[in-house]
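Hi everyone, thanks for coming. I'd like to walk you through a structure this morning, one piece at a time, so please have a look at the screen.

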Amino acid sequence: LAALKTPLIKLRGQWTQIDPDQIKAAIKYLQKQQDRSMTGRELIQLALGAGSEVDGMPIESVEMDGALGKFFEQLSGERKFAQLRQPKGFKGKLRHYQRRGYSWLAFLRQYGFGACLADDMGLGKTVQTLALIQRDRSEGESRPVLLVCPTSVVNNWRKEAELFTPDLPVLVHHGTDRKKKAQFVKQAKKQAVVVSSYGLLHRDISFLSKVDWAGIILDEAQNIKNASTKQAKAARTLNSEYRLALTGTPVENHVGDLWSIMEFLNPGLLGSQQQFQRLYQRPIQVYGDTEAAERLRNLTQPFVLRRLKTDKKIISDLPDKVEMKDYCTLTKEQASLYKAVVDDLSETLAIQDGMTRRGMVLASLMKLKQVCNHPAQFAGDGTTLDGRSGKLERLTDILLETREMQERTLIFTQFAEMGMMLQRYLQDMFGEEVFFLHGGVSKKNRDKMVDRFQNDPQAPRIFVLSLKAGGTGLTLTQANHVIHYDRWWNPAVENQATDRVFRIGQQKNVQVHKFVVSGTLEERIDAMIEMKSGIAAQVVGTGEAWLTELSNEQLMDLIKLDKEAMGE
């Protein structure tokens, strides 16, 4: 065919168009294949759509037989993988979906692929992971597993291991008295699990990398969503037989988050970061390309297991969750301050650009959020709170009802100073103790507060939490009311916070109140997030930085003060 050098030939009785360049590429490909082999990983990537061509040859399909063919059928869901029994030595009983999740982790681990367990918060990612480690140990694995998590849940892992896998030796590598260098390596080899934090991952990488790890497990894996951070780079450099990522939010802010997690789990699966941005991130994020989103889903779905606790097929013994938006108004004082911030930004916006403009916009947005919360937070002057904020009035009304029903409430705010003001105000109003958890609370005191709230009938019924310190890693199922006093403008983060209550162990219906001030940027941003939910539900989350990219006119329309913002 190549020798004919003609674009049209009669082949098997039919006229066929010939592309000389493709014919040459085919010859070159066949010649190379005589002395070249492909790894199973490369074939799987091609079969899932990771590459459209090899050596200039377009790939129409990939066919596999034997063990590799069976594996691909299981990976793609055409054939079921084996459902494993609960491992020996595991205490407690795995729920049906947890057994399937643990079996899925073992299935991918067997073939050397990394797995992302992305179950909803509260469905038991910790339990499924411990079951996998217990199974490996019972089958003769002697190497330790490194488990990296946020500082706030280090103690959680230790307690869960004591409860479900009491025979596994666990080392908590944390604090100023932790072992280092050769001492650490010697100590780590005696463990089944070494639990450490993201903060220490890059600081101690010099000797963490000297251990022969059976596996590396990242809990709350969204902590490596930014691939260029020290902790993300450190996680990718560690060698182990398998890698797992645990997260309830595999895509927290934008689709780029997914590349970083998948690059840790299965290096090269999504191509280089530049290729990923060109083929997926930009088309999806900027243009809402549903075909690109579908290709990305097909490529990543076999390695991401996502179950929702609202799915009755997954779990039927959780009560209902009722979410509602509480639209609040501004007091005259708040409206006056709000307008002053908007006017100030309007005057200076036209003469600023680049990073200076971005910084100014974010600072102004922060001020507006503070004004919507309470004038005293904006001013930072320690003045009285009563009668000066529409949100505070609504909060008081709700708490009067929940206390009347003798039910417990969590109140989330992203501002530590607002949390402190709420704690003082509510203690004075109700004449009883109110808990407040923020980043400055020690582990010991945090654990004590959580234990009292969960187990002591006489404990405070109101628990104020800063979103960053209390939004993940805690179980507070004694509460069945959740109030988001101010909004993070990120549904994934807010849902994680709500999941402190809406998880296994909850016996009551959960009511979630999200405060929104009408006629302000809060209402308009909330509406924008709702409108984006279509494409966002596929692979994209929502963040805040995009607001700085709006034009001056769009920004002023977003933050202007409407008449409905004012109360009577």
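Let's begin with Gln-406, which sits in the loop between helix H17 (390-404) and strand S13 (408-413). Keep in mind that this is a predicted model. The phi angle of Gln-406 is near 60 degrees, and that is a positive value in a residue other than glycine. Is Gln-406 buried or exposed? Its relative accessible area is 61%, and exposed means over 50%, so Gln-406 is exposed.

Lys-181 also has a positive phi without being a glycine, with a value near 50 degrees. This residue belongs to helix H7, which covers residues 181-188. Lys-181 has a relative accessibility of 62%, so it counts as exposed.

For a buried residue, have a look at Thr-300. You'll find Thr-300 in helix H13, residues 290-300. The cut-off for buried is under 20%, and Thr-300 has 6% relative accessibility, so it counts as buried. And what does Thr-300 touch, if we leave out residues up to four places away in sequence? The answer is Leu-258, Met-262 and Leu-270.

Now to the aromatic rings. A search through the whole structure turns up twelve aromatic pairs. I'll show you two of them.

In the pair of Phe-71 and Phe-107, the ring centres are 5.5 Å apart and the planes stand at 40 degrees, so this pair is tilted. It links distant parts of the chain, as Phe-71 is in helix H3 (residues 66-75) and Phe-107 is in helix H4 (residues 96-110), 36 residues apart. Both Phe-71 and Phe-107 are buried.

The other pair is Phe-90 with Phe-164, and this one is stacked, with 5.7 Å from centre to centre and 15 degrees between the planes. Which parts of the chain does this pair tie together? Phe-90 is in the loop between H3 and H4 while Phe-164 is in helix H6, so parts that are 74 residues apart in sequence are tied together. Phe-90 and Phe-164 are both buried.

Going back to Phe-71 and Phe-107 for a moment, they also belong to one aromatic cluster, together with Phe-81, Tyr-111, Phe-113 and Phe-303.

Next, the nonpolar cores. The largest one has 85 residues, and the members that touch the most others are Leu-75, Phe-184, Trp-213 and Leu-218. Let's zoom in on Phe-184. Not counting residues up to four places away in sequence, Phe-184 touches Leu-171, His-173, Lys-179, Val-194, Phe-207, Leu-208, Val-211 and Trp-213. Apart from this core there is another one, made of 25 residues, including Ala-335, Val-342, Trp-489 and Ile-559.

Which of them has the largest share? It is H6, with seven residues.

Terms used
Residues are numbered from 1 along each chain as its sequence is written. This is a predicted model: local features need pLDDT of at least 70, side-chain atom pairs count only at pLDDT 80 or more; totals for chains, interfaces and linings use all residues. Side-chain values use heavy atoms; hydrogens and water are left out. A nonpolar core is a set of buried Ala, Val, Leu, Ile, Met, Phe, Trp, Tyr and Cys residues joined through side-chain atoms within 4.5 Å. Buried means under 20% relative accessible area, exposed over 50%, partly exposed in between (1.4 Å probe, protein chains only). Contact means heavy atoms within 4.5 Å. Helices (H or I, at least four residues) and strands (E, at least two) are DSSP runs, numbered from the N terminus. Rings of Phe, Tyr and Trp (its six-membered ring) pair if their centres lie within 6.5 Å; planes under 30 degrees apart count as stacked, over 60 as edge-to-face and the rest as tilted.
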